[in-house]
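Thanks for coming. I have one structure to go through this morning, and I will keep it brief. Please have a look at it before I start.

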Amino acid sequence: MSRKVLLHAGVWLIFLSLLTVEIYWNAERFPMFAASALVLNMLLFYLNYSVLVPRFLLRKKTKTYILSIVLALAITLCFREFVIVDQPPEGMRKPLRPLGPEPPFFNILKFLFPFFISLSFVVIGTAVKVYEEWNRSLVEEKEIEAFKTRTELHYLKNQLSPHFLFNSLNSIYSLINAKSEEASEAVIMLSELMRYMLYQADSEFVALADELAYTQNYVRLQRLRIANNENVTLNIHGAVTHQKIRPLLLISFIENAFKYGTDYKGNTEVRIVITVKEQTLEFECRNLIGARKRDQHNSGIGLKNTTDRLELLYAEKHHLKVYEEDSKFVVHLKLNLD
């Protein structure tokens, strides 16, 4: 709103400048004539700004708009020349500009000047209205894009949560099936993970410390179900203080690593390193390229969701590399948390 006020204030400043020029060009007339002409031109401005541009020009009715402008200009000029009384009352002050012989071109300019003054009001009104509409459309476009982003994120998170739950339940089932004493601990750990997902992960941002604690609990849960877990590691380096991060951003990479990080001998290798340097987070996850065959329809859901979320939430603030190296599947992510 303040920008609009400043824009109209600038237009009024131009109007007053034109009034000064009008008084000079019509020095032999009573200055009230120039003031009356200014009022007429301002009415022309707001007629064009408020009615003609929105109803015709912005709706692409160009011919109707031009005809309307020509008619409005003709009425304004006729009213100005034939209706407004331009003789000063007796006793009023003398003209501002001394009268005397005028060169021929002066009379021509004097005839055309009112037309150009009125036309300038039309041009300014059109420019102001078109600019305001353009600016409004930009704001609406940003709002639509933000709504679209929120909708897509909601959809992606709804896909991610069941995916995580199914994997975790499979882990607990393995412990129960093996009659492990750690099954009850795993159930408690899962309840903590689900509590985080239900009550904290719905926020736009979460504390990085909470997200890393959630990641540690998940890895701990996976270690419980793996017999030989010495090659399953999670190392976190750096100072974790007040940083914020989007929730559930790293977990899909880790899920994918555990799902496919076991070879045909049953050996599991998943090595995760997270380094925090002020507002920069580096995440690297390496896992064996295991013997398990990928389900072409479902295996990439979590990984694709996270990639999509990174594009939506950290479009210009992340660098992601996913590649194979020395029979390992590697995910390397550098994230700007600022």
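Cys-78 is partly exposed, because its relative accessibility is 43%, and the cut-offs are under 20% for buried and over 50% for exposed. Keep in mind that this is a predicted model. Cys-285 has a relative accessibility of 1%, so that cysteine counts as buried. As for disulfides, the structure holds 0.

Next, helix α5. This helix runs over residues 183–199, which makes 17 residues. From the first C-alpha to the last, α5 reaches 24 Å, close to the 24 Å expected at 1.5 Å a residue.

Which residues of α5 are buried? They are Ala-183, Ala-186, Met-189, Leu-190, Leu-193, Tyr-196 and Met-197. These residues lie on the same side of α5, because the arc they cover around the axis is only 130 degrees. On the face of α5 turned away from that buried side, we find Ile-188, Leu-198 and Tyr-199, which are exposed.

Last, Thr-268. Where is Thr-268 placed? It sits in the loop that lies between α7, residues 251–260, and β4, residues 270–277. Is Thr-268 buried or exposed? Its relative accessibility is 7%, so Thr-268 counts as buried.

What is Thr-268 in contact with, if we leave aside its neighbours within four places in sequence? The list has Ile-226, Asn-228, Asn-231 and Val-232, and also Gly-261 and Thr-262.

That is what I have; I will take questions now.

Definitions and conventions: Residues numbered from 1 in each chain as written. Predicted model: local features only at pLDDT ≥ 70, side-chain atom pairs only at ≥ 80, totals over all residues. Heavy atoms only, no water. Helix = DSSP H or I, 4+ residues; strand = E, 2+ residues; numbered from the N terminus. Expected span 1.5 Å × (residues − 1). Buried < 20%, exposed > 50% of the residue type's maximum accessible area, 1.4 Å probe, protein only. Arc of directions from axis to C-beta. Disulfide = S-S within 2.5 Å. Contact = heavy atoms within 4.5 Å.
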